[in-house]
Amino acid sequence: MNRYYWILGAFAALVALLAVGLNLNPRDVPSPLVGKPAPAFTLPQLAEPDKTLSPKDMQGKVWLFNVWASWCVSCRQEHPVLVEFSKKVDIPLIGLNYKEVRGDGGFDMGKMPADEEKKLAWQRANTWLAQHGNPYKLTVMDLDGRVGIDYGVYGVPETYVIDKAGVIRMKHTGPVTPEILAKKIMPLLAELNK
Amino acid sequence: MIPELGHFALILAALVSLILGTLPMIGAHTNRQAWIAVARPAATALAMLVTFSFACLTQAFVANDFSVVYVAQHSNSLLPIEYRVAGVWGGHEGSLLLWILMLTWWAFLVAVFSRELPDTMVARVLGTLGLVGFGFLLFILLTSNPFERLLPGAAEGRDLNPLLQDPGLVIHPPLLYMGYVGFSVAYAFAIAALLSGKLDAAWARWSRPWTMAAWIFLTLGIAMGSWWAYYELGWGGWWFWDPVENASFMPWLIGTALIHSLAVTEKRGSFKNWTVLLAISAFSLSLLGTFLVRSGVLTSVHAFATDPRRGIFILIFLVAVIGASLTLFAARAPKVGLGGRFGLVSRESLLLTNNVLLVVACATVLLGTLYPLLIDALGAGKISVGPPYFNAVFVPVMSPILFLMGIAPFARWKDASVADIAKAVKWALAIGVIVAIALPLVYGQWYALTALGLFFAAWIVATAILNFIERVQHTRAGRSFLATAFSQPRSFFGMHLAHIGIAVFVIGVTMVSSYQDEKDVKLAPGQSVDVAGYHFTFNGVKAVEGPNYVAAQGDFDLAVDGKFVRKMNPEKRNYHSSAMPMTEASIDAGLLRDVYVSLGEPIDRDKPEGEWAVRVYYKPFVDWIWGGCVLMSLGGLIAMLDRRYRVKARAATQLPAGTQQA
């Protein structure tokens with residue numbers, strides 16, 4: 001041993017810190033919305049465009065609110081997990097289709113009339129669900145993304161857990177993985193449904 | 001088909017790098033010439049394979065091949081061609097590919113420009129680079145394959161992050177990575193020297209131009225990034241102490257210490273252990289920076305989508321590379337001699353002080369960067385460490401460095417006299433004090449920190465000029481002053497130019513932080529605002545259309561003393577692909593000041609023809625910040641081209657006394 005080995009000790013301490021750091025998530029910033037009532041909205045449904053849905057319609061139920069879009073590549077990764085979830089668990093999963101047309105880079109929104117955007121959005125969303133399976137009890141369409149702003153969406157997909165009183169209890173940013181589902185979401189749902 | 005070829009080339013590259021990392025190393029150890037001779041061709045093959053692979057990914061971008069996941073996520077058919085090419089490094093996978101591309105190019109350059117080095121040395125240097133490259137190639141292949149397919153392919157890509165759609169993206173990452181990765185060469189030389197036991201002046205001489213080259217790229221890369229942030233983000237700032245900025249700044253600080261320490265090791269044979277440790281640290285910090293950015297342990301504007309597997313892989317890689325290097329260092333360091341002795345006041349002692357201060361500066365940045373992580377790990381909450389901390393600790397650490405910078409060139413090697421130095425610099429001190437007292441008063445208000453900054457700037461420039469004159473006078477021997485001046489070695493010119501670059505940088509930072517002015521106002525068309533004597537009249541906004549965005553473009557008239565100067569047209573852009581509106585500031589740049597307008601939001605979302613939130617800035621001397629960085633790099637370049645690096649390196653046996661024998 002010699003006096004130079006202290007450097008290795010310092011390095012080992014740094015590595016330990018980084019290893020611990022890996023298991024923490026800096027994005028787990030407590031969302032300001034957690035613990036607050038879910039922001040209100042009234043949006044048309046995908047299956048029946050003449051009908052709308054508001055969070056107050058879900059009062060008395062624990063439900064999941066999942067933000068998705070057909071252009072979102074990470075949603076494809078998440079989707080099978082949600083489909084599996086909807087088969088096994090009897091908890092309403094509501095989809096929020098976020099900027100279906102505007103969010104996709106391929107369209108020139110300056111030139112598109114509103115009714116054409118609407119038609120295209122419904123068509124794209126329906127096709128996508130037909131292709132990949134539909135885990136949602138129903139999906140609402142947020143064409144211009146205003147509801148997304150109210151919910152603080154900053155990346156699709158995102159998932160919210162909302163309790164019987166209509167209060168947001170958890171927000172997850174990024175794809176839901178089987179681990180997150182098993183370790184965080186399911187225990188929370190079980191507790192809220194007690 | 002082409003993406004598969006690129007993927008295949010990457011797999012082959014991993015195999016070649018493994019060969020490069022093992023055969024020549026073993027050959028150098030057991031003295032097998034045939035194995036040693038593998039090094040150069042293997043390094044060449046590695047560079048070609050990775051270049052080919054990189055070209056394949058570029059082709060997928062240019063051809064809008066959205067069946068490649070990475071392309072689908074970072075490009076779009078409406079994206080202009082230059083951003084499709086630069087989009088290759090716009091995300092995690094591609095930027096790693098750029099990283100490894102740079103590494104293999106550096107290795108290739110070493111293979112080409114190392115004719116006068118002993119073959120065993122070359123084998124060890126290239127072998128070390130091969131091992132590092134192998135680790136990174138494995139990382140790419142196992143966790144971050146850029147060639148992964150999306151089946152069925154997407155009809156359209158998601159588009160590149162609008163923040164990145166700027167010429168800055170084309171230049172900043174390649175420069176920065178050249179610098180980051182370039183320290184791997186200095187590192188490989190240090191490891192090779194430790195392995196062979198020959199830590200001598202020849203080793204220092206070989207390392208110097210390579211280290212300098214990496215340092216130049218890093219300096220330019222950081223400056224470019226800072227300038228980009230300044231004009232693109234629209235916040236008017238040029239440095240945010242963001243974790244990723246810090247990750248590039250830490251290797252810069254250590255690299256700066258390293259180029260000075262190498263000078264001592266080359267000239268005097270001293271500080272050998274210290275120099276080796278710095279070389280290892282500079283590259284280790286580059287790797288640590290990669291870890292911090294890529295693992296997602298810290299949040300930052302630069303963070304890409306994170307995947308825990310990646311973090312674990314880089315951490316293991318970090319432990320392997322840095323752990324092995326430090327163990328090797330700890331085992332070998334006690335046997336390395338101390339080299340030439342030197343007095344309490346001497347050029348060596350001054351450079352050592354400067355080195356220690358730079359390392360302390362780096363340690364404070366590291367602490368500030370990792371502190372939020374530490375607090376989080378201890379379960380004590382989430383905090384962030386911001387500019388107030390860094391500004392508070394940085395000024396006291398940098399001040400003595402700036403002061404010593406003026407003195408050290410006057411100090412003789414081995415033993416210098418304080419009285420002689422004081423005599424030589426007394427006029428510089430006087431000039432510095434006068435400038436510090438007078439200039440802030442001329443400019444407006446006198447602040448202590450402003451005076452301090454201007455004192456150092458004047459002091460550095462004055463000492464550089466005095467030192468230059470003194471040296472020319474001493475070496476004249478009857479020739480004319482001018483002829484002697486031009487016959488000074490390039491490294492001497494380079495040193496002073498780089499130091500003056502620091503002075504210019506200090507002036508920029510001091511002036512902009514003392515006298516900048518900004519106003520946040522609400523303007524309706526026809527209204528105007530004044531800042532620091534500049535008169536802005538708002539004429540309203542109009543809608544304009546870009547290739548992949550629509551924008552609200554503001555129309556401002558800039559006037560000084562009632563005279564119209566120019567139109568300014570800041571924009572608020574809405575890219576089709578993004579929910580976030582982007583701000584494009586309009587800047588009128590000048591030698592002595594920038595004025596800067598950026599458009600906020602309309603006060604009423606549905607009435608864009610009405611009032612808008614507008615921000616105007618006056619930024620005195622802000623461009624000197626980047627000008628100083630360019631001068632530093634230029635100084636480095638001139639020093640690197642010094643004649644003596646092109647003269648055949650002397651054999652190790654002719655070294656000054658006191659150098660250690662293995």
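The numbered points that follow concern helix packing and nonpolar cores.

1. Please keep in mind throughout that this is a predicted model.

2. In chain B, helix H3 (residues 39–62) and helix H6 (residues 92–112) have axes that come within 8 Å and cross at roughly 150 degrees. Because angles over 145 degrees count as roughly antiparallel, H3(B) and H6(B) are roughly antiparallel to each other, and their crossing is left-handed. Among the residues of H3(B) in this contact are B:Leu46, B:Val50 and B:Phe54, while H6(B) contributes residues including B:Leu97, B:Leu101 and B:Phe108. By class, the contact of H3(B) with H6(B) has 13 nonpolar, four polar and one charged residues.

3. A second pair in chain B is formed by helix H10 (residues 243–268) and helix H13 (residues 347–377), which pack at an angle of about 165 degrees with their axes 9 Å apart. H10(B) and H13(B) are therefore roughly antiparallel to each other, and the crossing of this pair is left-handed. The residues that meet include B:Phe249, B:Leu253 and B:His260 from H10(B), and B:Leu351, B:Leu358 and B:Val365 from H13(B); the contact divides into 14 nonpolar, seven polar and two charged residues.

4. The largest nonpolar core has 189 residues, and those with the most contacts inside it are B:Ala107, B:Leu126, B:Ala186 and B:Phe189. Helix H9 (residues 201–232) of chain B gives the most to this core, with 19 residues. Leaving aside residues up to four places away in sequence, B:Ala186 touches several residues, among them B:Trp210, B:Ala214, B:Leu258 and B:Ala282.

5. A second, separate core has 36 residues, including A:Ala69, A:Leu82, A:Val147 and A:Val156.

Notes: Residues numbered from 1 in each chain as written. Chains lettered and ligands numbered in written order. Predicted model: local features only at pLDDT ≥ 70, side-chain atom pairs only at ≥ 80, totals over all residues. Axes fitted to C-alpha atoms, helices over the stretch in contact; angles between N-to-C directions. Helix = DSSP H or I, 4+ residues; strand = E, 2+ residues; numbered from the N terminus. Parallel < 35°, antiparallel > 145°, perpendicular 65-115°, else oblique. Left-handed = near helix turned anticlockwise from the far one by under 90°. Contact = placed C-beta atoms within 7 Å. Nonpolar A, V, L, I, M, F, W, Y, C, P; charged D, E, K, R; others polar. Core = buried A, V, L, I, M, F, W, Y, C linked by C-beta atoms within 7 Å. Buried ≥ 20, exposed ≤ 12 C-beta atoms within 10 Å, placed from the backbone.
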